[in-house]
Amino acid sequence: MLADKSISVIGVGKLGEALISGLINSNTVSKNNITGSVAHEYSRDSLREKLGIDILLDNRALIRGKDIVILALKPQKMAQVLNEIKDIVTENQLIISVAASMTISCIKQYIKKDLSIIRAMPNIPCLVGEGMTVLSKNSISSEEHCALAEAIFSSIGDTVFLDESLMNGVTGLSACGPAYMFVVIEALAEAGVKLGIPRDISTLLVAQTMLGSAKMIIDSKEHPALLKDMVTTPAGCTIDGLIELEEGKLRVTLIKAVVRSAERASELISE
Ligand SMILES: NC(=O)c1ccc[n+]([C@@H]2O[C@H](COP(=O)([O-])OP(=O)(O)OC[C@H]3O[C@@H](n4cnc5c(N)ncnc54)[C@H](OP(=O)(O)O)[C@@H]3O)[C@@H](O)[C@H]2O)c1
């Protein structure tokens, strides 16, 4: 479905690069059908070499005649770039924005055209094909456009459509979430080091434990508390560890972290 579509990515930073690599490595698109843009010559030159695709400094030239335009810019850069490209964008192009904070209606106000706009919130594990992307569409997004967006992000992980009103929450949860997971892994690996386990092995033990636990949740669709109970033998050692977690307020701290990130997500666009 995507094989014959031309895709342009405005802003090939961390996320844009992960997305392009995923699309190419999964053979979802060929290198000839995907191009990108950045702001600086040094980024352009190194990305050309790294990705083997054409990278431009000119957004207007980049998107002319392309089927799909992906906006992978920092929220603070969106207004400037939308103003720059608005007269080039045509109604048969599909716009996909991965920028946090900026709503579909806000993007439309800049472009001032009735066209299909899909908002996507991926996360960085898309680098290893295990991303989680939430998609929201506008009222005129056709089924074909939704399917195209789904195909793009399915090449780098799992996808789900949700109402756009939940996007800031999604940003705080699954887009910022990998950072929280990395901190948890780092902290647990330190515990292993404290107990004499070499750091690299300790990190592997924790990372594989997190991967396996996540896979159990996804495969079984069981409530996490039920799976936790499977590990918690009465009067065993896990319950002592869990009591420490409760005393350290791990759960409420994680909840507050996500809620704070979601609040912050709503502020970015006004900066
Ligand atoms: N990182 C994540 O985990 C993640 C997850 C979900 C969503 N997002 C969203 O993805 C977006 C990008 O985040 P990021 O982490 O990839 O940021 P980033 O690494 O800072 O990348 C931003 C890119 O935009 C380019 N750029 C800046 N001004 C431009 C312009 N006028 N025209 C063309 N390109 C321009 C920069 O080029 P130079 O390199 O030349 O400066 C850079 O390549 C953000 O809106 C963020 O909310 C990120």
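Modeller: Let's start with S43: a polar side-chain atom of this residue lies 2.9 Å from an oxygen atom of the ligand. L15 takes part through its backbone instead, with an N or O atom 2.8 Å from a ligand oxygen. At N59, a polar side-chain atom lies 3.0 Å from a nitrogen atom of the ligand. On its own the ligand has 910 Å² of accessible area, and the protein covers 83% of that (Shrake-Rupley method, 1.4 Å probe). There are 26 residues around the ligand, and K14, L15, H40, S43 and L73 come nearest (a residue counts if one of its heavy atoms lies within 4 Å).

A word on the model itself: it is predicted, so local features need pLDDT of at least 70 and side-chain atom pairs pLDDT 80 or more, while totals for chains, interfaces and linings use all residues. Residues are numbered from 1 along each chain as its sequence is written, and side-chain values use heavy atoms, leaving out hydrogens and water.

Now for the chain around this site. Its domain assignment, automatic or from a database, gives domain 1 (7-167) and domain 2 (175-270). Their C-alpha centres lie 31 Å apart. Domain 1 brings 10 residues to the contact and domain 2 brings seven residues, where contact means heavy atoms within 4.5 Å. About 640 Å² is buried between the two domains, with carbon and sulfur atoms giving 72% of it; this is the accessible area (1.4 Å probe) that the two parts lose on being put together, summed over both. Across this interface the rule finds zero salt bridges (a side-chain nitrogen of Lys or Arg within 4 Å of a carboxyl oxygen of Asp or Glu).

Conventions:
Polar contact = N/O pair within 3.5 Å; in protein donor to acceptor, adjacent residues only side chain to side chain.
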